[in-house]
Amino acid sequence: MTRRRTSRRTEAAEPDLFGTTPIFEPTVPLEPTAAYVSEYIETNGYPGETARSAVTVSMLTETARDVIEGAFVPIWVRGEISDFKAHRNGHWYFCLRDRAAQIKCVVWNRDQFRIPAAPDNGMQVAALGRLTIYASRGEMQFTIARIEADGDGLRRKALEITRARLEADGLLALERKRDLPRFPRVIAVVTSPDGAALHDITAVLRRRAANVRLVVVPAAVQGQSAPEELCFALDQIDRWGGADLVIIGRGGGAHEDLWAFNDERVARAVAACRVPTISAVGHEIDISICDLVADHRAPTPSAAAETATRSQDELRRELARLSAHIVAATRANIRSSADRLRHLARDVAAASSDHVVSRRTQLEAVAGRLHALSPVATLARGYSVARAKNGTTLDSIGAFGEKMTFELVVRDGVVPAKVSGAPRANQ
Amino acid sequence: MTTFEQRLARLEEIAAELDGEQLDLSRALELFEEGIENLRAASEDVARAEARVQRLVEKADGTFELDESDD
């Protein structure tokens, strides 16, 4: 019976014929009869001791790997990046080197989330990894889980890349910023349900007795799952549709603890959010990509709560202002109505008196003409008119008979008269 | 139900209309009365104000409910 092992890791599941774990498995098949290690060793020597008990290459490299992995704990190593290659299988391969030596390195795809950006050749970095043997090439390999570049170069690089991509899509444009509702009723808070941020926000709202409902949408704010959870929470808020403002953020922490808020996916989810957003990540000095995309950036979660809500005092002041405005405006309206009425009355009076004046003038003109035609005016100047009894005017000597009686009309009456002699014609 | 914000918006509208030129006196008085009524209701809202904290819970069928938070 042959016994093949491709990996020592599967060994535990198989019956252990040696009774103890051997360091080497011999290439010579174990005879079914050789039930004991001692018997085997007597016949063949220790595994690898003789040509007959030679071990496989796999055995050698696997054993070397076990020895090396057992000898080295995870360790930070400083060096310069060279020959960097992002393989299409998603893993990163490169060398870390100093003047005298180099070691082949790998960063598995699944570990890359802890590293802000792929390192560039020539970067001085410290890398945390485990030393191992890559069996299929028989090479020593440093398997890296974290990289910190001098001067925080990787984070700066990652920020620049993300920022440039968001900018290219117009997501950082100031015109995109929406006004926050002045009096939000329901504020969704995307943060850790146990974090300081939520505590700070609720404390502010209680103190101000703001008239709002706070709806917590829990999400991890640090760690591998944080970006996804933050995105999911924002998506939930949109699907729910009950919030009129979103605060997303967390309290202060180490730079890498805030890193999820620099994630491009989170930034895009914030930009896509249908209700206005306030980003409040860490302390005053921490500015995240999320801050740049949100409609408003608050320096801290407490400040976000203050920005988002009005206090009772503010609301009272607002009402007092409106009340004063409405009263004053109503008063002004009443005044202007009264003014208009007064003007109207004056206009009517003025118009009617104009009318009277013009009628009077007219009348006087007519009267003047009549007057001129009337004998009354002539009489007034001292003339008189002789009139027969029947009223005909006696205006020539021929009209007068001998001793005829007639009337003289003078300025202030009529005088009976009689012809006393013969009329004389003018010369 | 009229929200506080709607009331404030209405009050702003009323103030703006009252500021307008050549308003009928009867219209002005009507607006004034509506304004006073809104101010009274809004003041009551302010007095009642209290912050509530709830938690958004998505159920299996994709609907949402709000749980009262303990803290």
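Predicted model: local features only at pLDDT ≥ 70, side-chain atom pairs only at ≥ 80, totals over all residues.
**View 1. Chain A as a whole.**
Chain A carries ten helices and 13 strands. Of its 427 residues, 26% are buried. Among contacts in chain A with a separation of 6 or more, 62% link residues 24 or more positions apart.

**View 2. The five-stranded barrel of chain A.**
Five strands of chain A form a closed barrel in the order S1-S2-S3-S5-S4, with mixed pairing. Direction ignored, neighbouring strands are turned by 50° against each other on average. Strand S1 (residues 75-86) of chain A pairs with strand S4 (residues 124-134) of chain A. That pairing is antiparallel and has six bridges. Ile75(A) has Gly129(A) in S4(A) as its bridge partner.

**View 3. The S4-S5 hairpin of chain A.**
S4(A) continues into a hairpin with S5(A), with four residues between the two strands. Within the turn, Gly138(A) has a positive phi of about 65°. Ten bridges hold S4(A) against strand S5 (residues 139-149) of chain A, and the two run antiparallel. Two opposite pairs can be picked out. Ile133(A) faces Met140(A) in S5(A). Gly129(A) stands opposite Ile144(A) in S5(A). Gly129(A) is also the bridge partner of Ile75(A).

Seven strands make an open sheet with mixed pairing. Their order is S10(A)-S9(A)-S8(A)-S6(A)-S7(A)-S1(B)-S2(B). Strand S10 (296-297) of chain A and strand S2 (64-68) of chain B stand at the edges. Each has a single partner strand, so one side of each lacks a neighbour in the sheet. Helix H8 (residues 301-308) of chain A lies across S6, strand S8 (245-250), strand S9 (277-281) and S10 of chain A. H8(A) runs at about 160° to S9(A).

**View 4. Strands S6 and S7 of chain A.**
Strand S6 (residues 186-191) of chain A pairs with S7(A) in the parallel sense, over six bridges. Val186(A) has Arg213(A) in S7(A) as its bridge partner. Ala188(A) stands opposite Val215(A) in S7(A). Five of the six residues of S6(A) are buried, so this strand is largely enclosed by the rest of the structure.

**View 5. Where the sheet passes from chain A to chain B.**
S7(A) and strand S1 (residues 52-58) of chain B run parallel and are joined by four bridges. Val215(A) stands opposite Gln54(B) in S1(B). Val215(A) in S7(A) also stands opposite Ala188(A).

Val212(A) sits in the loop between H4 and S7 of chain A. Is Val212(A) buried or exposed? With 24 other C-beta atoms within 10 Å, Val212(A) is buried; the cut-off for that class is 20 or more. Within chain A, Val212(A) touches Pro184(A), Arg185(A), Val186(A), Ile187(A), Leu205(A) and Thr309(A), leaving aside residues up to four places away in sequence. From chain B, Ala51(B) also touches Val212(A). The C-alpha atoms of Val212(A) and Ala308(A) are separated by 9.8 Å, although the two residues are 96 residues apart along the chain.

**View 6. The interface between chains A and B.**
In this interface, 31 residues of chain A are in contact with 32 residues of chain B. On the chain A side, helix H4 (196-208), strand S7 (213-218), helix H5 (226-240) and helix H9 (312-373) each supply at least two residues. H9(A) gives the largest share, 14 residues. By class, the chain A side has 17 nonpolar, nine polar and five charged residues.

**View 7. The helix pair of chain B.**
Helix H1 (residues 4-19) of chain B packs on helix H2 (residues 25-48) of chain B at an angle of about 155°, with the axes 9 Å apart. The two helices, H1(B) and H2(B), are therefore roughly antiparallel, a class that takes angles over 145 degrees. H1(B) passes H2(B) in a left-handed crossing. Residues of H1(B) in the contact include Phe4(B), Leu8(B), Leu11(B) and Leu18(B). From H2(B), the contributors include Ala28(B), Leu31(B), Gly35(B) and Asp45(B). By class, the contact of H1(B) with H2(B) has ten nonpolar, two polar and five charged residues.

Technical notes. Residues numbered from 1 in each chain as written. Chains lettered and ligands numbered in written order. Buried ≥ 20, exposed ≤ 12 C-beta atoms within 10 Å, placed from the backbone. Contact = placed C-beta atoms within 7 Å. Axes fitted to C-alpha atoms, helices over the stretch in contact; angles between N-to-C directions. Parallel < 35°, antiparallel > 145°, perpendicular 65-115°, else oblique. Left-handed = near helix turned anticlockwise from the far one by under 90°. Nonpolar A, V, L, I, M, F, W, Y, C, P; charged D, E, K, R; others polar. Pairing = 2+ DSSP bridges.
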